[in-house]
Amino acid sequence: MDAISVEAALKMMEQALPLPGFENVPVQECAGRVAAADIVSPIDQPPFARSPLDGFAFRSEDVRGAHPERPARLQQVGYAPAGCKETFAVGPGQCVRIMTGGRIPADCDAVIGIEDASYADTSECDGAAAVLIYKEIGHHRNYVFAGEDFAKGDVLCRAGERIDAALAGCLAAAGFAAVPARRRPRVAILATGSEIAAPGSPLGCGKIYDSNSVYLQNRLRELGFDADAAVCADDPAQLKDLLSRRFGSFDLIITTGGVSVGDADHMPVVLADLGAKVLFHGVSLKPGSPLMLAEKDETRILCLSGNPYAAAATFELFARPLLAALSADPSLRMEEAEGVLADPFPKGSAAARYLRARLKDGLLYVPQGHSSGQLLSMAGCNCLAELPAGPGPHPAGELLNVYLI
Ligand code: AMP
Ligand code: MG
């Protein structure tokens with residue numbers, strides 16, 4: 001199969017249809033999810049007029065002209081802390097002591113803070129507490145209206161909108177325990193290679209520790225996905241078994257290693273044997289050109305090179321738009337920007353090359369160590385810079401397209 005262009009491969013990722021179906025997700029966990037329906041508030045928030053401070057509620061006309069030398073004197077007829085169910089009738093010349101979050105009685109139109117009031121001799125107030133108010137205050141001062149945040153019937157979020165933590169809080173404030181969200185792709189990682197050993201195990205001769213599945217699992221978690229991860233030797237029977245057991249249970253299987261043309265690269269043959277349809281094998285880019293996309297029934301299989309940086313770069317370039325399309329969540333795609341090379345880059349390339357780099361104030365800093373087997377130099381990078389195909393060297397100051405990771 002001939003290598004296809006980056007653009008053609010990306011188009012296939014972007015054209016994937018969103019997964020059908022939705023699930024009710026508890027509001028505690030819904031940030032990062034895409035709403036599957038318009039969500040309308042069944043209540044006002046706050047549900048009642050409330051006090052924004054600790055003080056006294058009354059009719060503002062009763063404190064007109066009040067000042068420190070001539071305070072207004074009101075009779076306290078109730079106490080309304082937050083959560084208080086009692087309803088108070090507050091007549092002219094009367095007040096209630098109220099705490100932040102308490103319901104403002106219907107007869108009252110203003111609240112004053114306790115620092116502008118004090119208790120006086122109770123004898124003139126029929127035994128009830130007499131309150132001196134030292135300041136006049138206008139209509140609806142310190143008065144939080146019912147529905148200040150949002151009103152009953154307001155659309156809190158539209159179908160297709162990504163829910164963030166603030167919106168999750170609002171959905172809870174509207175009383176929802178769970179909300180309908182689009183189904184998330186179920187993702188499995190399969191790191192292949194007879195040389196790879198689990199971190200923490202003794203390292204045998206000829207072995208290396210598996211960094212790819214750890215990279216991918218962490219990266220997926222950063223993007224909001226839990227992924228299953230497993231490893232597999234370069235053994236067609238084991239590969240067949242592990243892959244076939246994942247079809248149907250996962251929407252996307254991301255493999256690393258064994259996808260090139262070496263003797264131990266069994267992925268293309270095994271996938272064909274399992275009846276998977278190969279959509280492409282080979283993309284004109286560096287690194288990670290043996291990239292392959294296949295599908296078997298409803299499961300997509302994205303096969304990345306085993307080289308750690310190649311796997312990381314092609315995950316960003318291709319898995320992210322695929323995840324974005326399957327999740328109907330465009331925010332999963334990389335943002336594009338531009339930057340200029342801070343230093344010359346020595347090599348040219350027959351295909352576009354994606355360099356790990358750090359973009360800061362418009363300048364691209366490319367770390368030493370840019371081979372596809374090196375991962376450490378990617379730590380701290382915040383983008384992939386696209387060097388177009390062509391002869392090198394690339395001079396400092398060259399303007400490049402950048403994908404933020
Ligand atoms: P492959 O794509 O299988 O030809 O592997 C390319 C290179 O990546 C080889 O040097 C492998 O040893 C290395 N490699 C493959 N899988 C992993 C992995 N999971 N973690 C770290 N390096 C790997
Ligand atoms: Mg290999």
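Trainee: How many helices and strands does the protein have?
Mentor: This is a predicted model. In it, strands and helices were both counted along the protein. The tally is 6 helices and 23 strands.

Trainee: Why is the protein described as more spread out than a compact globule?
Mentor: The C-alpha trace spans about 100 × 50 × 45 Å along its principal axes. For 405 residues, the globule rule gives 22 Å. The protein is well over that, so it is more spread out than a compact globule: its radius of gyration is 32 Å.

Trainee: What share of the 405 residues counts as buried?
Mentor: Buried here means under 20% relative accessible area. The protein exposes about 19000 Å², with 52% of it from carbon and sulfur atoms. Of the 405 residues, the buried share is 46%.

Trainee: How far apart do the centres of the positive and negative side chains lie?
Mentor: There are 36 positive side chains and 49 negative ones.

Trainee: Which strand runs antiparallel to β4 and is joined to it by 4 bridges?
Mentor: β4 covers residues 72-80. Arginine 73 has leucine 132 as its bridge partner. That partner lies in the strand of residues 130-133, β8.

Trainee: Which residue in β5 is the bridge partner of tyrosine 79?
Mentor: β5 spans residues 94-98. It pairs with β4 in the parallel sense, over 4 bridges. Across this pairing, the partner of tyrosine 79 is arginine 97.

Note on methods: Residues are numbered from 1 along each chain as its sequence is written. Chains are lettered from A and ligands numbered from 1 in the order in which they are written. This is a predicted model: local features need pLDDT of at least 70, side-chain atom pairs count only at pLDDT 80 or more; totals for chains, interfaces and linings use all residues. Side-chain values use heavy atoms; hydrogens and water are left out. Helices (H or I, at least four residues) and strands (E, at least two) are DSSP runs, numbered from the N terminus. The radius of gyration is taken over C-alpha atoms; the globule rule is 2.2 Å times the number of residues to the power 0.38. Buried means under 20% relative accessible area, exposed over 50%, partly exposed in between (1.4 Å probe, protein chains only). Accessible areas come from the Shrake-Rupley method with a 1.4 Å probe; for residues, only the protein chains shown count as cover. Lys and Arg count as positive and Asp and Glu as negative; His and the chain ends are not counted. The place of a charge is taken as NZ of Lys, CZ of Arg, CG of Asp or CD of Glu. Two strands pair if DSSP finds at least two bridges between them.
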